[in-house]
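Please look at the sequence and the model before reading on.

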Amino acid sequence: MLALREVSKSFGAVRALREVSLDLVPGEAHALAGENGAGKSTLVKILSGVHRPDRGTLLLDDRPIEFHGPADAQAAGVAVIYQEPTLFPDLSVTENIFMGRQPRRSFGRLDRRAMRTRAVELFSRLGVPLDPDQPTRGLSIADQQLVEIAKALSRDARVLVMDEPTAALSGNEVERLFGVAGSLREQGCAVLFVSHRLDEMFSLCQRVTTLRDGAWVATDVIADITPDDLVRRMVGRDLATLFPKTDTSPGEVALRVERLTREGVFTDVSFEVRSGEIVALAGLVGAGRSEVARAVFGIDRWDAGRVHVAGRPLRAGSPTAAMAAGVALVPEDRRQQGLVMDLSIERNIGLTGLRWGLVSRGAERARATDWAIRLQVKYAHLTDAVTVLSGGNQQKVVLAKWLAREPRVLIVDEPTRGIDVGTKAEVHRLLSELAGQGLAVLMISSELPEVLGMADRVLVMHEGRLVADIPRAEATEERVLAAATGRAA
Amino acid sequence: MTTSTERTHARPNAGARAFVDRVARVRELGIVVALLALFGITGAVNPAFLSPASIRDILLNSAIIATLAVGQTLVVVTRNVDLSVSSVVGISAFGGALILADHPQIPIPVVIAGCVVLGAACGAINGLLVGVARVPALVATLGTLYAFRGVDYAWAGGRQVNAADMPQGFLRLGSADVLGVPLPALVALTVLLAVGWVMRNLPQGRELYAIGSSPDAAVLAGIGVRKRVLTAFVVSGALAGLAGVMWAARFGTVDATVATGKELDVIAAVVVGGVAIFGGSGTVYGAALGALLLSGITSALAVLRVDALAQTAINGALILAAIILDRLLAIRVAKALRKRRYRDAR
């Protein structure tokens with residue numbers, strides 16, 4: 001029905017898509033797999049008319065077609081549900097659904113009653129009790145996603161494109177969405193499903209196309225392959241290379257935290273990290289792990305306790321003092337806290353090198369180049385804004401920024417969240433190498449395989465207290481989980 | 001159909017919920033209350049404030065700013081701003097007056113139409129700069145604010161047009177009454193109702209709100225963002241042209257400095273009227289009420305014998321108060337919506 005033929009698209013020197021072909025067939029759900037930065041989002045934006053391909057053609061019912069903008073794609077029957085909801089927060093749910101193609105009455109007036117009736121119908125079809133008159137500003141992400149889905153449904157789309165629609169949905173909502181997608185498919189609609197969750201692809205789709213580095217890798221019938229096959233296609237190598245922690249012999253104590261307490265957040269937290277050691281801080285979300293890291297780095301004050309870096313006491317509540325002592329913190333949310341998104345790559349890397357607010361341009365550039373190469377950041381120009389990079393590459397820039405200071409203690413908070421499998425392995429290799437060079441690494445992570453694979457020791461927090469300190473040899477999934485959930489370790 | 005309505009009614013605190021919804025949707029209520037308080041209190045202190053002559057004065061004074069505020073609202077709703085309106089008023093008032101004085105044979109309606117077209121052309125320049133060339137509106141219209149005024153000065157060359165030079169028929173338009181209401185106020189009201197209807201009932205109007213609410217989403221929804229933004233500026237310019245005619249007819253004496261600085265009064269009226277300065281919400285009715293409130297306050301302060309020098313400060317304080325109140329309400333509403341979401345999630 002809708003097809004891409006050898007489509008290419010570049011942004012600056014970054015080639016986002018290279019001669020990719022894809023066929024969407026009526027009555028079939030097609031999965032699009034690939035790591036972050038593989039070109040999935042670019043492909044979706046070409047289908048939705050946001051980007052125009054540099055080369056190659058789009059075929060609609062075997063005839064070449066050009067989308068000059070989203071309106072053209074919509075007119076052709078393509079409906080897209082984006083990863084992040086694209087709603088108008090000030091307008092009501094109903095208006096959001098019909099914006100751009102409202103039903104009319106005489107004199108071109110909006111037919112509000114018809115709009116509302118149809119909105120209510122759509123929501124009852126989706127089985128969700130949403131108030132059609134409510135402004136979308138107050139809605140949860142999941143509810144906003146449902147409005148997006150209703151919007152797509154209202155278009156009587158022939159092609160439904162879903163770009164990671166399930167990221168914010170709960171189990172029930174995912175099932176309902178899949179139910180709707182399934183019935184649309186049976187009515188002869190073509191579905192393109194983009195997701196990171198393999199199980200969802202396997203339960204919803206019939207065929208899967210894999211992209212890697214912007215190029216087409218394979219198109220398979222889902223029934224003929226296993227999830228492992230698919231991962232291999234996505235990554236281009238076996239998963240066994242993940243978590244490559246090299247054994248090291250720990251040296252001096254680099255970071256010592258003694259009975260650190262912040263009222264109502266964490267209590268009596270004591271631990272040591274030696275140079276050359278990777279210590280994981282595990283626990284459930286909300287156990288107080290990131291808060292400990294923030295306190296050690298001086299962002300938040302602590303009420304009691306002491307922190308020593310390389311044997312010398314650290315002043316409380318001062319990131320400047322922490323940085324001077326050689327502590328670096330790579331925060332959890334890189335967009336909000338780790339990067340100045342609109343600044344260039346070199347500027348971001350140079351940021352922590354500010355001395356009395358001055359930088360030398362030449363030194364900044366030399367340092368940025370050096371680190372970008374060492375971390376294998378993929379970029380077109382060092383002067384590009386960080387926004388254009390993929391998530392994994394952004395994380396590398398954050399790392400580069402701190403590593404450029406040559407810290408003694410590196411605290412990383414969820415270093416691989418939202419990063420694809422391949423880059424993840426690279427970040428792991430990097431952390432492991434850095435530890436090998438004598439850096440003390442404190443890694444906060446919610447991913448158990450990462451914790452178990454990377455850490456020399458696993459500290460577990462539960463409700464603001466440190467409840468377990470497990471050496472690498474004894475660390476198992478069961479023990480860590482038991483401690484994290486408050487059952488005796 | 002039934003699920004959502006039943007759900008709303010089934011809530012034990014449906015009253016609180018309805019209040020939150022009302023405040024979220026009808027911000028203008030606050031200004032109406034403020035207006036009533038203003039007239040009530042001032043009238044109680046000095047009943048002369050409520051006399052027909054005094055009310056007529058307030059309506060006349062607010063008509064021009066209200067007309068401009070309606071145009072400004074269209075622009076602000078799209079997350080832009082038009083600072084150049086005062087210069088457009090100036091150029092239109094002077095141009096219109098000059099032609100009427102030098103060429104009395106040209107019919108008055110033609111001159112009025114010409115002024116509106118002149119304003120629309122100025123608006124089109126703004127719209128092209130902002131909508132098409134993507135210059136931030138604050139910068140673009142700050143530039144045209146000076147540029148248009150400069151053209152005005154060059155055209156006038158120090159000349160002043162006096163009431164005696166203009167046809168009596170034209171000047172009468174500025175003060176004539178129709179059914180006891182001054183004509184300029186009627187014109188402003190007509191403009192208000194027409195634009196208000198369009199903004200509520202036509203897709204073009206709703207699309208302006210959509211653009212201001214989320215420009216990126218507007219593009220994805222297939223809305224012609226450039227065209228709409230251009231249109232908003234053209235309408236704002238045209239209404240400024242009309243306001244220029246009203247100015248010339250009302251005051252009679254016109255030189256190149258007419259309406260200097262009025263752009264801030266207009267924006268103040270819009271903001272006090274509950275139009276979000278970052279776009280996406282607010283109505284032209286609110287903006288017009290804001291204009292009425294501000295000129296009412298000026299009159300009230302005069303009636304209450306407040307020192308003229310203190311009036312500016314009081315005006316400023318009231319604007320701040322209006323904005324703070326608006327913020328507080330917005331925060332309250334956001335909080336209520338958040339709580340509601342938690343409740344509904346359970």
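Does Asp469(A) count as buried or partly exposed? Asp469(A) counts as partly exposed, at a relative accessibility of 44%. The model is a predicted one, and over all its chains there are 23 salt bridges.

**Salt bridges of Arg457(A)**

- Arg457(A), in strand 19 (residues 457–462) of chain A, takes part in a salt bridge with Glu277(A), where the closest N and O atoms are 3.0 Å apart.
- Glu277(A) sits in the loop between strand 12 (266–274) and strand 13 (278–283) of chain A, so its pairing with Arg457(A) ties together parts 180 residues apart in sequence.
- Glu277(A) is buried, with a relative accessible area of 5%, and Arg457(A) also counts as buried, at 17% relative accessibility.
- Arg457(A) also meets the side chain of Asp469(A) in a salt bridge, at 3.1 Å from N to O.
- Because Asp469(A) belongs to strand 20 (residues 465–471) of chain A and Arg457(A) to strand 19, this pair ties together parts that are 12 residues apart in sequence.

**Arg116(A) and Asp133(A)**

- A salt bridge joins Arg116(A) to Asp133(A), with 3.1 Å between the closest N and O atoms.
- Arg116(A) is in helix 4 (residues 112–126) of chain A, while Asp133(A) is in the loop between helix 4 and helix 5 (141–154); the two residues are 17 residues apart.
- Both ends are partly exposed: Arg116(A) has a relative accessible area of 22%, and Asp133(A) has one of 29%.

**A network in chain A**

- Salt bridges link Arg256(A), Glu258(A) and Arg306(A) in a network.

**Interface of chain A and chain B**

- Chain A gives 33 residues to the contact and chain B gives 29 residues.
- Between them the two chains bury about 2700 Å², and 58% of this is on carbon and sulfur atoms.
- The count between chain A and chain B is one salt bridge: Glu95(A) pairs with Arg206(B), with the closest N and O atoms 2.6 Å apart.
- Five residue pairs are in polar contact across this interface, both residues being at pLDDT 80 or more.
- On the side of chain A that touches chain B, the elements giving two or more residues are helix 2 (70–75) and helix 4.
- That side of chain A has 17 nonpolar, eight polar and eight charged residues.

How values were computed
Residues are numbered from 1 along each chain as its sequence is written. Chains are lettered from A and ligands numbered from 1 in the order in which they are written. This is a predicted model: local features need pLDDT of at least 70, side-chain atom pairs count only at pLDDT 80 or more; totals for chains, interfaces and linings use all residues. Side-chain values use heavy atoms; hydrogens and water are left out. A salt bridge is a side-chain nitrogen of Lys or Arg within 4 Å of a carboxyl oxygen of Asp or Glu. Helices (H or I, at least four residues) and strands (E, at least two) are DSSP runs, numbered from the N terminus. Buried means under 20% relative accessible area, exposed over 50%, partly exposed in between (1.4 Å probe, protein chains only). Contact means heavy atoms within 4.5 Å. Buried area is the accessible area (1.4 Å probe) that two parts lose on being put together, summed over both. A polar contact is a pair of N or O atoms within 3.5 Å; within protein, one must be able to donate a hydrogen and the other to accept it, and residues adjacent in sequence count only if both atoms are side-chain atoms. Ala, Val, Leu, Ile, Met, Phe, Trp, Tyr, Cys and Pro count as nonpolar, Asp, Glu, Lys and Arg as charged, and the others, Gly among them, as polar.
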